[in-house]
Amino acid sequence: MRFAGQVIFVTGGAGFIGSALIRRLLSDTDAFVVNIDKLTYAACLDSIPQAMGHARYRFSQTDICNGAALRKLFETFRPHSVMNLAAESHVDRSIDGPSDFIQTNILGTFTLLQEALRYWRGLDRQSQNAFRFHHVSTDEVFGSLGEAGLFDEGTAYAPNSPYAASKASSDHLVRAWHATYGLPTLITNCSNNYGPYQFPEKLIPHMIIKALGHEPLPVYGDGQNVRDWLYVEDHAAALTLVLEAGRIGETYNIGGRNERTNLDVVRTICDLLDHKAPSAKGSHHRLISFVRDRPGHDRRYAIDASKLEAELGWRATETFETGLARTVAWYLENRTWWQAILERGYKVQRIGLSEASA
Ligand code: NAD
Ligand code: TYD
């Protein structure tokens, strides 16, 4: 069985992608998972339903900026790998308040690298060779594409938002810790994820929840910005593959070959809701409204995932149509999950117009 007898640290495991990764590690492998998460607004431990009482799961409420607490975790659990997903992840929030992004994404990654390096240096040679530090990042580090072309692993970094700049910094730190200290690192840069358990601030759940409340669906600018959508379960499968078989020091791009304009995405959500949850008030399409654009809004992202496909044999299993249909069905069937987030005080409202101060 995969990862038998191995301890894997997953930071940010209560978030959207981290929880999908942990669900997969628990269901498809024999890994012992330690979920290290600060539990910010974006966290939800209910997103790992099988975790409670699971023999191969532990949770620690820890900030990755807290070196002393991390050191204790390394000493207690003696991990074989670290997968770093802890981050502030929402571009609009980074526009209004970049400080937390600098703290967690840059200083947190630095602190985690330092503690991982300290621990790694104390291992025997064989354990050192087997150890991996896998950093999970975004295609937003590459900036914006024009009409044509794709991001590959050699694309120059050109981040435009505070979020993207903080992730770019963290990628550079990871690269340097490999080149300078020999820490066995892996970096993955993926495109926009979607699927079950995504926090309602992101485009797809945001639109589903607004539409179900018969509220306007705020499309930024002209709606022609393009994102390359990746189903979160496909991403989790790719992450376990890279951890297992990725080449040390390498970067892998992960994307689903699903480029869509934002307007297309919103229209498809409306079609699905008209079919699965018709409203007496009329078609959901009538709710689409164009609002002021996001400052610094990247026009197009698109990933060339051929390195991952050729080297590790990864393939996305969901097309955008099947994945989006599953996602809309999940939000319809799991209202208690997202209603609990609204009840905790999260307001599904516009942010990120750069009018608030940091
Ligand atoms: P998320 O916002 O849903 O979850 C982030 C998790 O990290 C939360 O559980 C939060 O509590 C935790 N966290 C935040 N600060 C922390 C800290 N200082 N210490 C410990 N835990 C902390 O994010 P996500 O969408 O699951 O993204 C996971 C990773 O994937 C991030 O690194 C993000 O940059 C990257 N990524 C996300 C996407 C996407 O579409 N969601 C795309 C590309 C890359
Ligand atoms: P988002 O989910 O915030 O991801 P990212 O900014 O990391 O790509 O947004 C995806 C796209 O959808 C992005 O081009 C901004 C746009 N968008 C809207 O048009 N309206 C919205 O309400 C939101 C949240 C996003």
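## A side chain that meets the backbone

In this predicted model, a polar atom in the side chain of Asn 105 lies 2.9 Å from the backbone nitrogen of Glu 88. Asn 105 belongs to helix 4, which covers residues 99-121, and its relative accessibility is 1%, so Asn 105 counts as buried, the cut-off being under 20%.

A second residue may be viewed with it. Leu 25 is found in helix 1, and with a relative accessibility of 0% Leu 25 also counts as buried. Between Leu 25 and Asp 304 there are 279 residues of sequence separation, and the C-alpha atoms of the two are 26 Å apart in space.

## The surroundings of ligand 1

Ligand 1 is surrounded by 28 residues, of which Ile 17, Asp 37, Ser 89, Tyr 163 and Lys 167 are the closest. Sorted by class, this shell is made up of 13 nonpolar, 11 polar and 4 charged residues.

Several backbone atoms of the protein come within reach of oxygen atoms of ligand 1. For Ile 17, a backbone N or O atom lies 2.7 Å from an oxygen atom of the ligand; for Gly 15, the corresponding distance from a backbone N or O atom to an oxygen atom of ligand 1 is 3.0 Å; and for Val 136, a backbone N or O atom is found 3.5 Å from an oxygen atom of ligand 1. On its own, ligand 1 has 830 Å² of accessible area, and the protein covers 98% of that area. Two or more residues of the shell are given by each of helix 1 (16-28), strand 5 (132-138) and helix 6 (162-181), and the largest share, 3 residues, comes from strand 5.

In Leu 203, by contrast, the atom concerned is a backbone N or O atom, which lies 2.9 Å from an oxygen atom of ligand 2. The protein covers 97% of the 510 Å² of accessible area that ligand 2 has on its own.

## Aromatic pairs and a cluster

The structure holds 22 aromatic pairs. In one of these, the ring centres of Phe 9 and Phe 77 are 6.4 Å apart and the ring planes meet at 80°, so the pair is edge-to-face, a class that requires planes over 60 degrees apart. This pair links distant parts of the chain, since Phe 9 lies in strand 1 (residues 7-11) and Phe 77 in helix 2 (residues 67-77), 68 residues apart. The two residues can also be described by their accessibility: Phe 9 is buried, with a relative accessible area of 1%, whereas Phe 77 is partly exposed, at 23%.

For Phe 142 and Phe 151, the ring centres are 5.0 Å apart and the planes stand at 35°, so this pair is tilted. Phe 142 has a relative accessible area of 4% and is therefore buried, and Phe 151, at 1% relative accessibility, counts as buried too. Returning to Phe 9 and Phe 77, both belong to one aromatic cluster, whose other members are Phe 32, Phe 74, Tyr 119 and Phe 131.

## Arginines over tyrosine rings

Two arginines are placed over aromatic faces. The charged end of Arg 350, in turn, sits over the ring of Tyr 220, at 3.8 Å from its centre.

How values were computed: Residues are numbered from 1 along each chain as its sequence is written. Chains are lettered from A and ligands numbered from 1 in the order in which they are written. This is a predicted model: local features need pLDDT of at least 70, side-chain atom pairs count only at pLDDT 80 or more; totals for chains, interfaces and linings use all residues. Side-chain values use heavy atoms; hydrogens and water are left out. A residue is near a molecule or strand if one of its heavy atoms lies within 4 Å of it. A polar contact is a pair of N or O atoms within 3.5 Å; within protein, one must be able to donate a hydrogen and the other to accept it, and residues adjacent in sequence count only if both atoms are side-chain atoms. Accessible areas come from the Shrake-Rupley method with a 1.4 Å probe; for residues, only the protein chains shown count as cover. Helices (H or I, at least four residues) and strands (E, at least two) are DSSP runs, numbered from the N terminus. Ala, Val, Leu, Ile, Met, Phe, Trp, Tyr, Cys and Pro count as nonpolar, Asp, Glu, Lys and Arg as charged, and the others, Gly among them, as polar. Rings of Phe, Tyr and Trp (its six-membered ring) pair if their centres lie within 6.5 Å; planes under 30 degrees apart count as stacked, over 60 as edge-to-face and the rest as tilted. Buried means under 20% relative accessible area, exposed over 50%, partly exposed in between (1.4 Å probe, protein chains only). A charge sits over a ring if NZ of Lys or CZ of Arg is within 6 Å of the ring centre and within 35 degrees of the ring normal.
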